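Reader: I've got a structure open and I'd like to learn how to read it. Can you walk me through a few features?

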Amino acid sequence: MNARYEAVIGVECHVELKTKTKMFCGCVNAFGGEPNTKICPVCLGMPGALPVPNAQAIELIIAAGLAFGAEIPAFSKFDRKNYFYPDMPKDYQISQYDMPLAIGGTVKYWLEDGTMRECRLTRIHLEEDTGKSTHAGSGDGRIAGSSYSLVDFNRAGVPLMECVSEPELRSGAEAVAYLESLRRTLLALGVSDVKMEEGSLRCDANVSIRPAGSAELGTKTEIKNMNSFRSVERAIESERARQIEILSNGGRIVQETRGWDEVNGVTHSMRSKEEAHDYRYFPEPDLVPLEPSRAAVERLRAALPVLPAQRFERYTSQLGIGSKQATQLVETPSLGAYFDRVVACSNNAQQASNFVLGDLSRLANETGVAVAESAVSAEHLAELIGLVDAKRINSKIAKELLARMWDGAGSPAAIVEREGLAQTTDPGAIAAFVEEVLSAHPSVVAEFKAGKSNVMGFLVGQVMKASRGKADPALVNELVRTKLSS
Amino acid sequence: MEYIEKSAAQIAHDVRTRVRSAAEVTDATLAHVESVEGAVGAYLTVLADSARAHAARVDERVRNGEKLALAGVPVAVKDNMCLDGSRTTCGSKILERWIAPYTATAVARMLEAGAVPIGKANCDEFAMGSSCENSALGVTRNPYDLTRVPGGSSGGSAAAVAAYEAALGMGSDTGGSIREPGAFCNLVGFKPTYGRISRYGLIAFASSLDQIGPLARTVEDAALAYDAMAGFDPMDATTVDRPVEAAAGALREDLRGLRVGMVREFDSAALGAALDALYRAAYRDLERLGAELVEVSLPTAAYGVATYYLIAPAECSSNLARFDGVRYGLRVEGDDVRSMYDRTRAAGFGPEVKRRILIGTHALSSGYYDAYYVRAQKARTLIAGDFERAFAQCDLIACPAASCPAFEFGAKSDPYSMYLMDYYTIPMALAGLPALSVPCGWTTPEGGRVPMPVGLQLCAPLFAEKLLLGAARAYEAATGHALARRPELESVRA
């Protein structure tokens, strides 16, 4: 990377909201389905049909705004964005222009090494999604050169959140980290499924280049058609390199929209600024202004869950958990909440993290039951960690217990008590097992004495087996070594 | 007098008390429609079979003891309102073959009250016009002089009611489209407060102005239709969620205790001696009925037409975008989607619609938006403010409903003179106020063969429909102008 230049990146996301019904009608809001089965006169833009706003969608946007610390103005409104497109039923989109539901705010995100960063938001607004076109006969699925097109309006009118960041990101990796944090937060809020592969999260990036340290902004390009976080990172890096190349050779950047070509790993020009639409925004006369009451906003604020970035910061800075594990814990909101409950009744967060992300997650994968919904209550896991910490049981027994707890065996302390599984830490008792094993395997002892030190493991294993797994492994190691060397 | 000339109130009473069946009333109406339609041309579609089926259901409901306010009342539905399964054209080639897949709330409420839809009435294309001449699908004539226009845009509904082809008409008023044809056809034309009657299923012209209302031969009939249609609708976010006071049962006898505002800027002397005399007589009649006449001022009302012709086209340019040939209506194939759009819209829309789409698109364009659309909205606020101040001094405003009686076909061939037809009705529309026209006398226009009706406009504060209809009823009862002449139908019967 050329150190003389820095990239200035802003990201614009469209997120489909997880509401029961569409934005302006009673049709079900669900992914997929037979084409044109989730439609009505309103979302088809039939003559005479009128929109009625979805209260749940408005609440979700306000909740998202509050989660990012945005201002929720007392007055907001819908506007019409006018342009012709075959999959847009009314040939205008009901959107928000100059008075969005949420203004400002900050997305806290972290890089792979755990460094916390912030990116301010410009705004969050609410709008409706369009239908989906399929163009046949053009070979590449594009409208140009196609012989006919089919339109599916199931998606038309699905509530869409547009979230625009300030140009405060500096690399593809930062952009992806920002998007990850945005995604995790919206998931935690229940605002959206945020699945890029199902199109419930879509994003564009604005990229420009300037001399490192300069305060002025260079000419930007807008990158579209990025279908995964991986392609966001690649596209931004490719565009950064392209722009640096042009500037280094004394050229000028043209303001334009560029499409990301996943296969060839390059961006290509789609349309220039001159071809940009005049959307002729004006206030939507079919709807009255939105004036969310302060009381309603405060109710939504009070109902906000713990946010992933808050969790991550607490895990890493207060609980001392590594960045990678902390990221995994916040990845699934229910898993993070479960972990919080374990930590609340245990003082070994690292061990709790190990169990939750290790054995429990493995069991969850194997059985298809989420950790938070499993038979292993947070209290019982804390109890198990307590037993290990107090050296009442060793890790092998702990693993076995956990598997039984998963199957509904209940309190681990009760099982240990009932079945006498407590770890044997009495040197005398262990010495007896050692004695027994060494005399049963004279040839192995001889091998060791002849210099084959790797047979030690076998002997330790035999002692553990003789103790039915209950012996303290560290003590067994020590006693076996002492005995062999004597 | 034939039975079908009875008022809606009388017909509903007779059908409710089983003096007549809805089926009989419907058959008589359909027979009459057949005999005069060739001359009048009120309807674009006559729904004979569907009307008979509706009538049969009404009779059954009456037999089941339902007390239907509009039992068996024949109604003309303006063709910009959806009725499930019926062709709904807006008087436009672009929707010439479009069958509505659902029913407008206001229409559904009329049917629920027992009304029988006789047909879909002609109108200016997408309700843009003041004479019905902008319809691309048919000519409607004024039943009082077939060489003259019925007014517009709800001209078909007005002509149908005036010619007894229906007892009630459903119209929509954006800048005067109920009140002006009401005045031209010797009817009560009533535009309620914006938000009183659901627009769901009314094909939009200008969303912030469009309001459905009745055309009727009596104030009581208009009140009955209003009572049936008014009220909050969960399908229209701009309807007002407040109780509707039933107007039909509260029609007043006199105007005592009411202050009626005379608008200084609307001096009827400007309309010529004949109309001036009629309006002065009307104001004296109001006074004779006990009203106190007070002068009020609407200084910004003169900017009404200019304001309206920015806001309404701006909204229509967006509302009519959906007629693109993709999903419904006319499609003229092209080389690509762009040319399909262009050809479809070029062939589908008439010149006035195109003119307004162009004006509106321009008014909303980047660089012009502030100068046109934003300024027009500011002017609209000022106009509404003028009315608010005026209504601090009076309970009702009285003024002309139109600047002339019904004119001959082709008389207003330049758009601007046609736009000026709504000079007296546009300010109320911009302010969202309830207003109506009620017959106030007759005058023979210059070069005319017979006297033509003239309308007095009464306007009330927001949501004061009950007061407005009550006062109009008192005026109507005391003067009886509507009854002075009958439409010219005998000579045209087929």
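Predicted model: local features only at pLDDT ≥ 70, side-chain atom pairs only at ≥ 80, totals over all residues.

Reader: How many helices and strands does chain B have?

Author: Helices (H or I, at least four residues) and strands (E, at least two) are DSSP runs, numbered from the N terminus. Chain B has 15 helices and eleven strands.

Reader: What radius of gyration does chain B have?

Author: That's taken over C-alpha atoms, and the globule rule is 2.2 Å times the number of residues to the power 0.38. For 494 residues a compact globule would come out near 23 Å, and chain B has 21 Å, which agrees. Its C-alpha atoms fill a box of roughly 65 × 55 × 50 Å along the principal axes.

Reader: Now chain A. Is strand S9 (residues 159-165) of chain A buried or exposed?

Author: A residue is buried if 20 or more other C-beta atoms lie within 10 Å of its own, exposed if 12 or fewer, and partly exposed in between. Five of the seven residues of S9(A) are buried, so the strand is largely enclosed by the rest of the structure.

Reader: Which strands pair with S9(A)?

Author: Strands pair if DSSP finds at least two bridges between them. Strand S1 (residues 5-16) of chain A pairs with S9(A) in the antiparallel sense over five bridges, with His14(A) opposite Glu162(A). Strand S6 (residues 116-128) of chain A is also antiparallel to S9(A), over seven bridges, and there Leu126(A) has Met161(A) as its bridge partner.

Reader: At what angle do helices H1 and H4 of chain A pack?

Author: Axes are lines fitted to C-alpha atoms over the stretch in contact, and angles run from 0 to 180 degrees between N-to-C directions. Helix H1 (residues 55-67) and helix H4 (residues 294-302) of chain A pack at about 65°, with axes 9 Å apart. Glu59(A), Ile62(A), Ala63(A) and Leu66(A) in H1(A) meet Val297(A), Leu300(A) and Arg301(A) in H4(A).

How values were computed. Residues numbered from 1 in each chain as written. Chains lettered and ligands numbered in written order. Contact = placed C-beta atoms within 7 Å.
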